[in-house]
Amino acid sequence: MRKLLSLILAVAMIAGLSVSSFAAGNGYSTGSDATTTPPYTPTVTTEKTPVEVTKEVVTKNVEAAIAEAITAKKASTEVVIKDAVTITPEAFKTIVEKTAEAKVTAVVHADTMVGKSVASRWYIDPVKAAALPKAINLSVSTTNEESKATKKTFEKFFDNKFAVVSLGQKGSYGMDMDLAIKVDLKDIDVKTMSFMSYDNVTNKFVVIKNPKYFIDKNGYLHFTTPIGGDIIITNGSLKSK
């Protein structure tokens, strides 16, 4: 066991992103914080049929947003994209180019809809996203099988209460991403929440050190993450059973 623990710690020290891992059947090893944006490693996993938002798809949206801003004499606008699973860098470049021509700034609202209601919303800086090497996955769920399995795993090892937000992106987004989502937090003290990202393939998690979370007047939880996976929300530090 001592040799196994030494090996786990050695691997964690070598990795660019500090990790924690569950040891199957007999506990977990301690980890540290995800304080910087880790290397970009996109993988897509989604509940929906993959719909990639390309340059052609986004053009109509950004032109409508620009027209609205000009009419309202605003210096900024929101480009709304609904139910996107992935968005390409070329699509973001189109937004940047067209808004620059119109002399307005923009933020992208990537919404997941349930009927006519917004279930979740990504707030994306198109300038930063345009510089990414590949498309990013924007799928989000609090009710899919992956989120349920992850919650069950953490409840098995830790004496904490948990909420889980399952993100389609596996690994880094390549930038900080801001998300607003409705989450059931009835068992969690919202004043002392902590956030982690769990990769159920590698069985490792990282602490998101600066999630900048808050709950708005409509009950949406807002937080920032540089990394996808299953976002674990709990209170304070993990307490082993």
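Strand 11 (residues 163-167) is largely enclosed by the rest of the structure, because 5 of its 5 residues are buried. Here, buried means under 20% relative accessible area, exposed means over 50%, and partly exposed lies in between (1.4 Å probe, protein chains only). Strands (E, at least two residues) and helices (H or I, at least four) are DSSP runs, numbered from the N terminus. This is a predicted model, in which local features need pLDDT of at least 70 and side-chain atom pairs count only at pLDDT 80 or more, while totals for chains, interfaces and linings use all residues. Residues are numbered from 1 along each chain as its sequence is written, and side-chain values use heavy atoms, with hydrogens and water left out.

Both faces of strand 11 are covered: one side carries the buried residues Ala-163, Val-165 and Leu-167, and the other carries Val-164 and Ser-166, also buried.

Most residues other than glycine have a negative phi. Lys-103, however, has a positive phi of about 60°. Lys-103 lies in the loop between helix 3 (89-101) and strand 7 (105-114), and its 74% relative accessibility makes it exposed. Lys-212 likewise has a positive phi, near 50°, and sits in the loop between strand 14 (204-208) and strand 15 (214-215).
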